[in-house]
Amino acid sequence: MTLVTATIDIDAPREKVFETMLDPGHLDEWVTIHRKVNDADGGRPREGYEMEQTLCLRGVNFKVKWKLTEYEPGRSATWEGRGPAHSYARTAYKLSDRGGGTHFEYENEFRAPGGFLGKAASRVIVGGVPQREANQSLKQLKTLLEKA
């Protein structure tokens, strides 16, 4: 299992950050590896909400089927996803108030397919890309929300 964490402070109300980060229609504005939402449940995200997303790492597109497994409005959300060859990912967002703005904590765990060999190959192929992409995505979310 590979773990990536990142944090950022955003000069915007926590509720606005929460609404934007969970809206599939905004993913292309801040998630650097996002390519498109292929399918999503209707209505607003809520516990049990599902969507299929196309992502891209190192020039390779792949699909992930996500389910929102934990949801505390305005505070936290956790997505669990299944990708190609039984790969697994968990992405958690936690928000707290900080100085009139929002402190955003991001955590992503992923398990490559293929057991030990798959994990070793993933380290070589993917390297530090997930950490860089997480940091850049949060910077883009900050820019998006602070210009609004």
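This is a predicted model: local features need pLDDT of at least 70, side-chain atom pairs count only at pLDDT 80 or more; totals for chains, interfaces and linings use all residues.
Local features were required to have pLDDT of at least 70 and side-chain atom pairs pLDDT 80 or more, whereas totals for chains, interfaces and linings use all residues. Residues are numbered from 1 along each chain as its sequence is written, and side-chain values use heavy atoms, with hydrogens and water left out.

Helices (H or I, at least four residues) and strands (E, at least two) are DSSP runs, numbered from the N terminus. An open sheet comprises 7 strands in the order 1-7-6-5-4-3-2, with antiparallel pairing, where two strands pair if DSSP finds at least two bridges between them. Its edges are formed by strand 1 (2–10) and strand 2 (34–40), each of which pairs on one side only. From one strand to the next, the twist averages 25 degrees. Antiparallel pairing joins strand 1 to strand 7 (residues 101–111) over 9 bridges, and Thr-2 stands opposite Phe-110 in strand 7.

Helix 1 (residues 14–22) lies across strands 1, 4, 5, 6 and 7, at about 160 degrees to strand 6. Helix 4 (residues 129–147) lies across strands 1, 3 and 7, at about 20 degrees to strand 1. Contact means heavy atoms within 4.5 Å; axes are lines fitted to C-alpha atoms, for helices over the stretch in contact, and angles run from 0 to 180 degrees between N-to-C directions.

Most residues other than glycine have a negative phi. Arg-58, in the loop between strand 3 (50–57) and strand 4 (60–72), has a positive phi near 50 degrees. His-86, in the loop between strand 5 (76–82) and strand 6 (88–98), has a positive phi of about 65 degrees. Arg-58 is exposed, with a relative accessible area of 54%, and His-86 is likewise exposed at 73% (buried, under 20%; exposed, over 50%; partly exposed, in between; 1.4 Å probe, protein chains only).
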